[in-house]
Amino acid sequence: MYREARRIASTLEDACATLAEGPRRAEVVLVDDGSDDATLEVVRPFVESMPRGNLLRVRLVRHESNKGKGAAVRTGLGEASGAWRLIMDADNSCRVAEVERLFAALERERGASGGARASRTVAPPIALVCGSRRAPGAEVERGAGRSAASGLFRLALRVLGLALLEDTQCGFKLYRADLASVIARAGREDRFAFDLEHLLIARRCGVPALEVGVRWRHFDGGTVRPLRDGAHMLWRGVHIRLRGLLGRYDLARLGVDAGGAAGDARGRSADDEDEGGGGAPVHGFVEARPLETGAVAGAVAGAGVRGYRPFHGHA
């Protein structure tokens, strides 16, 4: 959050009510990025009013000075401890309820992987599920100007070799804990280009990202300016591309063990992955163990998908 005093209350009212009545226990982590308005005063009542149903608590983490959206996201990913960690924007453009679309797509992918496993052609397990305004099933409300600017940005990313998804910049992403921890530790992009860096790190780690259509409604009043910030993101994209070419995101530099565990990982079932059993690496990752009973984690009945901890960054 940065200077979100006017909008954050309505977002938190919706998110807290949805999570309290939702199917999995959760915690909200609010990251304030050095706001100098009344943002902290607005969010404090939400911090003090938990627990409520399946929402166990709302935490507040604060940067003493403004560091940028990318820095706030890394802080949130590092502060969270759920086996899956959701990021979303403070303006509620994509409601927290949409996370169920991401989990449903993840389960479908796991089902498909189960069939592939029987034929001995197993893909790496999904570690990043990305909400998208361009994937099938997306429902988007935004002006023609925003859509045109988005199209130009995608074209520029293709030129740079950074068109890693159809919609790289959607601020609604679900990270597996091990990937989140690597990104929190190794990420460098502090401003709005951080999504590109996260996707590139995931690719370097050998784990795929899944893109899922979501409901998205644009709200005015955020800190993003399409032309100014779009140009800056492309410039930062050049830096990210160069870092990749120079090996700055290689596994050794990311602190990820790329030792001979991938073959073992291919033989593990989706249930094994959910349980985090044995700490066996999966394509370079050491699986994070699920939170203990009573901590900030839940499970979908019969599915074995652990809970998540959403947090709010900039709009």
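User: Buried means under 20% relative accessible area, exposed over 50% and partly exposed in between (1.4 Å probe, protein chains only), so what share of the 315 residues in the protein chain is buried?
Analyst: Buried residues make up 53% of the 315 residues in this chain. The model is predicted, with local features needing pLDDT of at least 70, side-chain atom pairs counting only at pLDDT 80 or more, and totals for chains, interfaces and linings using all residues. Residues are numbered from 1 along each chain as its sequence is written, and side-chain values use heavy atoms, leaving out hydrogens and water.

User: Okay, and how many helices and strands are there?
Analyst: The chain comes to 11 helices and 11 strands, taken as DSSP runs numbered from the N terminus (helices H or I, at least four residues; strands E, at least two).

User: What about Tyr175, is that residue buried or exposed?
Analyst: Tyr175, which is found in strand β6 (residues 173–176), is buried, because its relative accessible area is 0%.

User: Which residues does Tyr175 touch, leaving aside neighbours within four places in sequence?
Analyst: With contact meaning heavy atoms within 4.5 Å, Tyr175 meets Leu77, Ala83, Trp84, Arg85, Ile87, Ala127, Leu128, Ala180, Ile183 and His198. The side chains of Tyr175 and His198 also make a polar contact, at 2.8 Å (a pair of N or O atoms within 3.5 Å; within protein, one must be able to donate a hydrogen and the other to accept it, and residues adjacent in sequence count only if both atoms are side-chain atoms).

User: And how far is Tyr175 from Cys130, going by C-alpha atoms?
Analyst: Those C-alpha atoms are separated by 8.5 Å, while the two residues lie 45 residues apart along the chain.

User: Switching to the whole chain, what share of contacts with a separation of 6 or more joins residues 24 or more positions apart?
Analyst: Residues 24 or more positions apart account for 83% of those contacts.
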